[in-house]
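Here is a briefing for a first look at this structure. It covers a group of paired strands and the nonpolar cores.

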Amino acid sequence: MAAMLALMIAGLILAGVGAQWFAWRAGIPAIVVLSVLGLVLGPGTGLLDPVTDFGPLLPPLISIAVAVILFEGGLALDFRELRQSVSGILRLTTFAPLLAWLLGATAAHYLAGLSWPVAVLFGGIMIVTGPTVIAPLLRHARLSKHPGTLLKWEGIVNDPIGALFAVLAYEVIVAVERGNGLGGVIGHLAFTILIAIVIGLAAGFMTVQVFRRGWIPEFLKAPLVLGVLLTSFAGANFVQDETGLLAVTVLGLVIGNAHLMAIDEIRRFKETLTVILVSSVFIILTAILKWSMIEELTWGHGLFVLAMLFIVRPVSILGALSFSKIAWRERLLVSWIAPRGIVAVAVSGLFGRELVHLGHEDGKLLIPLAFAMVFSTVLLHGFSIRPLARHLDLALKGPPGVLIVGAHQWTIDLATRLHELEIPVVITDSRWHALRPAREAGLTTFYGEVLSEVFEHHLDTTGLGKLIAATDNDAYNTLVCTDFAPEFGRRSVFQTGLHRGPDDRSRHKASQTLGGLQLFSNPLTTDDIRRDYRNGVSVRQTRLTDEFGWDAFTDLHDESPIILAMVRGNQLFIGPDVPKAKSRDVILYLGKTETEAA
């Protein structure tokens, strides 16, 4: 039995990661693939029955997964992002949830046919917009920074708020059943919320102090954070069910905004853990569905889903953002995008069972209704966010741009060529005078240290997807590529060749685990390119046609040209990833001859 359970858990992790990979390759929301996989393994084939297979381990497994997800979301929230969006975020996390709760409960009662107690509780749960779904959608749509910030903060902050609304509704239901006073229930709930916030703040403050005072070695920092996270979650839940979600969100906010030196390693560890948990647990939650549950859904439940999509969400968001400074296009986008995820399903499953135990038989409908909302919102919002954002001019256009670190004549010429091809490009340097030609050419520049927090928070890198580190310091180029690799991807960061000593070639070579890909097939340095520039070489551009192809292009050069980049439609290729060019491709290269199609 133990061996089978271990094999099942291993298989779920592998299947979940495989589903994430397939979604990435296919360019579709991962939760869609995970949902289909869960339906196939669960009600489709019966290979997975989580309730029987996991038994009493299932509820704590799901709860821990949700806690880690919300903590990781809290880590990603930076209070400095509030500078330009504070009013909108406050409205989305105060007025909008209350409006959505009221309208959602009304729709659940009159359209879905739920009793008022169950409808009020379910309306609170449905205000959540899962961060596990929002984050991939934002990457998929390539939204501009401001609407993306609004959706990210709303998705993370409103998750524990929705759970607390459900707790409030459940406590009121229990009080009515037992004949207790409503005032006492509200006072008790306010006290437990305060306790949850205090637990999160205290645990976060103590963790930050331990890190700053150097009381723990580097290799124990991530495990310590995981232990503090789980302890805070369990402790808050011991005081009041579901307040642990608020505690871990506050904990994540405190640690994430403490600007610790080890914060990047902690975030990567938690991101990895979150991907595994989301992938596995969502398959489990989907597999819980039974055909009997699905068959209980009626046309009224379908009308409820439509009302949530086309009435409740738009009215609550547009009402909350009315008379604000947020542009109307951003209001329209935010009012439509609200995908539900793992938190909505997990909380619905918990309270659905409790309501049935209290005698509310319609509580068993919460799980299938939650899944109906998840499937509907993920499919509709997942496949519509990119075209809608483009229509509203809120999506980044063209291929991902390039961040060039190091201002030299050849990098400025390359940036100018890319700019002429309408590819976003930013060139940075810590030398003011070195950036002068770039400024005169009308390029976007950043004067300062690219590894500083000033760069991170004062320059919008949303439209950038590739990096070229080309300073005179090879070790610095390696450091820059290592720092940006988790954000851009290891195969999207490039650096000029490393200096090689005449006696010991390995002495000056960085570890293969550091840095980025070589920009050139042979390890040219910036000194080599400056020497070639003095001999008449510069950055050139050629567009191939059916008549003037790759062979004709290479025949015009005595030596094989050094290819810097190639543009094919909305795709930009750099360095070793450049494929063989074909008709209508634009080639940027180092050469002496400017070749043009005949």
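In β10, I587 is the bridge partner of M566. This is a predicted model: local features need pLDDT of at least 70, side-chain atom pairs count only at pLDDT 80 or more, and totals for chains, interfaces and linings use all residues. Residues are numbered from 1 along each chain as its sequence is written, and side-chain values use heavy atoms, with hydrogens and water left out.

**Strand pairing**
- Strands are DSSP runs of E, at least two residues, and helices are runs of H or I, at least four, numbered from the N terminus.
- Two strands pair if DSSP finds at least two bridges between them.
- Strand β8 (residues 562-568) pairs with β10 in the antiparallel sense over five bridges.
- Strand β7 (residues 538-543) also runs antiparallel to β10, joined by six bridges.
- R543 stands opposite V586 in β10.
- Four bridges join β8 to strand β9 (residues 571-574), again antiparallel.
- M566 has F573 as its bridge partner in β9.

**Nonpolar cores**
- A nonpolar core is a set of buried Ala, Val, Leu, Ile, Met, Phe, Trp, Tyr and Cys residues joined through side-chain atoms within 4.5 Å.
- The largest has 120 residues, with L114, L121 and F304 making the most contacts inside it.
- Helix α9 (residues 145-178) gives this core its largest share, twelve residues.
- Apart from it lies another core of 33 residues, including V537 and V567.

Note on methods:
Buried < 20%, exposed > 50% of the residue type's maximum accessible area, 1.4 Å probe, protein only.
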